[in-house]
Amino acid sequence: MKITRISVFQKDLDLSHPYFLSGGRLKFERIDSTFVKIETDEDIHGWGEGCPWGVTYLPAHGKGIRAVIDEIGPLLLGLDPRQSNHIDRTMDLALPGHLYGKAALDIACWDIRAKAAGLPVVDVLGGRYGEPTPIASSISTDTPEGMLAEIDHYRAMGYHVHSAKVGADVDMDIKRIRHLAENEKPGELIFYDVNRAWLPAEAIQVMNATADLPIMFEQPCETLDQCSTVRARTTQPISIDERLETFEDILRIQNNRIAEVVNIKLNRVGGLTKAVRLRDFCLNSGIKMLTMDTGGTVLADTVVQHFVQSIPREFRLGTWLCHDLLNNEAEVAPGQGSRNHNGVAVAPDLPGIGVEPEVALLGEPVAVYT
Ligand code: MG
């Protein structure tokens, strides 16, 4: 089987409401998503999506994805898309780094590989652990009362895992955390995502002031070194999100005992081929995983559900459905893919990803390579 054509589509996705994180310093209203369709000489095609969370969240942006594809896409023509490691190495040799720009191509190849095998992607990733995955809400930074009201909104949709975005001043963050913890319902998990906003001194203050609570903090500070300082002087579990990109990062996180949990985002780590390596390292090292994407439509969200269901339940903390935050015009595959079912999601039991975007909803391709 050979890759014969790569088509690239672009779509702006509007959020239903403005969204704030990192203590309110970062605001998001629209995200730029790139869709890739890879066709082959055997009448099987695959889809991938790459969607950074705006341009301020990570060193990643939509135009950057399309520039990476313009650089390396033509080099994939003629290769067998089922040979994931070969595809991955070809991309890395042609353009070191820029992992987020490669993810959509890698994922489209996995879609083809699974379709060719007649299996859902999760089965090609090693097999499905049957339990559905709890979906984490994403609670924008706000007053304590405003954040609880937002959690109530998600409770009504069945959610029982919540990622509450904190990271402003120390006193206000302690108030937020205490208020949400006091109002936590039985069976719920609320974790506190700082999105790099605290300096180590602030992280140590807030975490020690709430040390009586059985809670977890995500990405308290900007760098792994700063998080390591915090780890040494606090007790609650820490999750690393933004600063886990490469395999070298996970080695450092484990060797320096920086975190007990990591958040694997498929776009950030470069797609499924590289995510599988991180997953297997975490399984062997006893590291729990949150698994999601940086953004995107039901296509990106569904790819994640295949990946997350390849992780045993006890290692799996939760996932996220970005498309629940988008307005109706962002829909690209009506009625398809992994959706919220009373707070949990499952990967479709269909060959490949199981999502076929409607091309009319994507518009004309912005680039085609043949
Ligand atoms: Mg996070």
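Which residues in α2 meet residues in α3? On the α2 side they are Ser84, Ile87, Met91 and Asp92, and on the α3 side Leu99, Lys102, Leu105, Asp106, Cys109, Trp110 and Arg113; to meet, or be in contact, is to have heavy atoms within 4.5 Å.

Before going further, a word on the model and its conventions. This is a predicted model, in which local features need pLDDT of at least 70 and side-chain atom pairs count only at pLDDT 80 or more, while totals for chains, interfaces and linings use all residues. Residues are numbered from 1 along each chain as its sequence is written, and side-chain values use heavy atoms, with hydrogens and water left out. Helices (H or I, at least four residues) and strands (E, at least two) are DSSP runs, numbered from the N terminus.

## Helix pairs

Two packed helices are described by the angle between their axes and the distance between the axes. Here the axes are lines fitted to C-alpha atoms, for helices over the stretch in contact, and angles run from 0 to 180 degrees between N-to-C directions.

| Helix pair | Angle | Axes |
|---|---|---|
| α2 (residues 84-94) and α3 (residues 99-117) | roughly 160 degrees | within 10 Å |
| α6 (residues 170-182) and α7 (residues 200-209) | about 30 degrees | 10 Å apart |
| α1 and α2 | about 135 degrees | 10 Å apart |

With axes crossing at roughly 160 degrees, α2 is roughly antiparallel to α3. Helices α6 and α7 are roughly parallel to each other, whereas α1 and α2 are oblique.

Handedness is next; a crossing is left-handed if the near helix is turned anticlockwise from the far one by less than a right angle, and right-handed if clockwise. The crossing of α2 and α3 is right-handed, α6 passes α7 in a right-handed crossing, and the crossing of α1 and α2 is right-handed.

Helix α2 also meets α1: Ile72, Leu75 and Leu76 of α1 touch Ile87, Thr90, Met91 and Ala94 of α2. In the α6 and α7 pair, Val170, Asp173, Ile174, Ile177 and Arg178 from α6 meet Glu202, Gln205, Val206 and Ala209 from α7.

## The sheet

Now to the strands, where two of them pair if DSSP finds at least two bridges between them. Eight strands form an open sheet with parallel pairing, in the order β5-β6-β7-β8-β9-β10-β11-β12. At the edges stand β5 (136-139) and β12 (316-318), each with a single partner strand, so one side of each has no neighbour in the sheet.

Within the sheet, five bridges join β6 (residues 161-165) to β7 (residues 189-193), and the two run parallel. His162 has Ile190 as its bridge partner in β7, and Ala164 has Tyr192. Four of the five residues of β7 are buried (under 20% relative accessible area; exposed is over 50% and partly exposed in between, with a 1.4 Å probe and protein chains only). Strand β7 is therefore largely enclosed by the rest of the structure.

Helix α11 (residues 272-285) covers β10 (261-265) and β11 (288-292), running at about 165 degrees to β10. Helix α12 (residues 298-308) lies across β10, β11 and β12, at about 155 degrees to β11.

## Loops and cysteines

Most residues other than glycine have a negative phi. His98, in the loop between α2 and α3, has a positive phi of about 50 degrees although it is not a glycine; His98 is partly exposed at 42% relative accessible area. Arg257, in the loop between α9 (247-255) and β10, likewise has a positive phi of about 50 degrees, and at 53% relative accessibility Arg257 counts as exposed.

Ala60 lies in the loop between β3 (45-50) and α1 (62-76) and is buried at 7% relative accessibility. Leaving aside neighbours within four places in sequence, Ala60 is in contact with Pro52, Gly54, Val55 and Tyr100.

Taking a disulfide as a pair of cysteine sulfur atoms within 2.5 Å, the count comes to zero. For Cys221 the nearest cysteine sulfur is that of Cys227, 5.1 Å away. Cys221 is buried at 0% relative accessibility, and Cys227 is also buried at 0%.

Key. Angles under 35 degrees count as roughly parallel, over 145 as roughly antiparallel, 65 to 115 as roughly perpendicular and the rest as oblique.
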